[in-house]
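Please open the model in a viewer and keep the selection panel at hand. The stops below are to be taken in order.

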Amino acid sequence: MKNQAIIITGATSGMGKAIATLLAQKGARLLLNGRDEHKGKDLVGELKKWSDVVFIAGDVSKPETNEQLVRETITHFGKITGAITNAGSLGLGSVTNMALADWHYTLNTNLNSFFYLTKYAIPHIKNEKGFIVANASIAAFKSFPNHAAYCASKAALVSLVKQMAVDYGPDIRINAICPGPVNTPLIWDSAKAFPNPDAAVSDAAKATLLKRLGEPEDIANLVEFLISEKASWITGTAITIDGGIMASR
Ligand SMILES: NC(=O)c1ccc[n+]([C@@H]2O[C@H](COP(=O)([O-])OP(=O)(O)OC[C@H]3O[C@@H](n4cnc5c(N)ncnc54)[C@H](OP(=O)(O)O)[C@@H]3O)[C@@H](O)[C@H]2O)c1
């Protein structure tokens, strides 16, 4: 892990923070991103005892932010061995009650940001025979009420991951992870789309075969495996990590 120089978007909270923490503990050099500068500063303060960590504040829905993340990674670390695109936005609403701006922002954050970041980062990652991991969701496969933009963006993200694994193999391994309900701030926002938000979260936990929500650390453990040599024959796939919720549908 010590030879790694990895970009992680959406690192200020939830799964992104857990992934950044685990990889920093293992010695990976990290270029972290989120929109919240204060949270980013605190995160660097927490992680710098383990590794060389840089935070760049910015909105990944904009192409120029992604270009900057790539540029700064090269400036700080001289190379990019991988990217973990984790930033995500809900954009709640059905098609008829959603503002156009919310539709575009959600698609830009969840899908187009992946295109932007990888477009700029791939030439560098290719040099290192590296990896890309996209945080999608079981929403790529399962529909949730009032999550029109979210479900569409995550399904398209999985499709793009698989397509790009074709174009960039064997040099780069490209995979998606598809978490089920995970205990982060986002799941509580997502629950607002249901008639009874508290019940929606506890029902989601009960609907898993393992009878609990996922924790951000569960997802970090999968990402650590997926970027390691142990996963060297895994590419072009979408790995569900959901406590078994999709198996029992
Ligand atoms: N929680 C779940 O049940 C669940 C299930 C399946 C998939 N997911 C996916 O997992 C990923 C991480 O979500 P989470 O559950 O860990 O939620 P979270 O705790 O709310 O974290 C979301 C992260 O994304 C960042 N972010 C959001 N929009 C951004 C933007 N436009 N530009 C840059 N950063 C942005 C946030 O940082 P700032 O606020 O600092 O910008 C934050 O660090 C998302 O892609 C989400 O769709 C979540």
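**Confidence colouring**

The model is predicted, and the chain as a whole has a mean pLDDT of 97, with 100% of its residues reaching 70 or more.

**The ligand shell**

Next, select the ligand and the 30 residues around it; G10, G14, G34, R35 and G88 come nearest. Helix 1 (14–25), strand 2 (29–34) and helix 6 (185–191) are the elements that each give two or more residues to this shell. Colouring the shell by residue class shows 16 polar, ten nonpolar and four charged residues.

**Helix 1 against helix 8**

The crossing is right-handed. To display the contact, select G14, M15, K17, A18, I19, L22 and L23 on helix 1, and P216, E217, I219, A220, V223 and E224 on helix 8. By class, the residues of this contact are nine nonpolar, one polar and three charged. G14 belongs to this contact and is also one of the residues that come nearest to the ligand.

**Helix 3 against helix 4**

Move to helix 3 (residues 63–77) and helix 4 (residues 100–127), whose axes come within 8 Å and cross at roughly 30°. Helix 3 is therefore roughly parallel to helix 4. This crossing, too, is right-handed. From helix 3, select P63, N66, E67, L69, V70 and I74; from helix 4, select S113, Y116, L117, Y120, A121 and H124. Together they make the contact, with eight nonpolar, three polar and one charged residues.

**Two backbone details**

Finally, go to the loop between helix 5 (148–168) and strand 6 (173–179), where P170 is placed. Display the peptide bond that joins G169 and P170: it is cis, with omega about 0°.

Terms used: Residues numbered from 1 in each chain as written. Predicted model: local features only at pLDDT ≥ 70, side-chain atom pairs only at ≥ 80, totals over all residues. Near = placed C-beta within 6 Å. Helix = DSSP H or I, 4+ residues; strand = E, 2+ residues; numbered from the N terminus. Nonpolar A, V, L, I, M, F, W, Y, C, P; charged D, E, K, R; others polar. Axes fitted to C-alpha atoms, helices over the stretch in contact; angles between N-to-C directions. Parallel < 35°, antiparallel > 145°, perpendicular 65-115°, else oblique. Left-handed = near helix turned anticlockwise from the far one by under 90°. Contact = placed C-beta atoms within 7 Å. pLDDT = per-residue confidence, 0-100.
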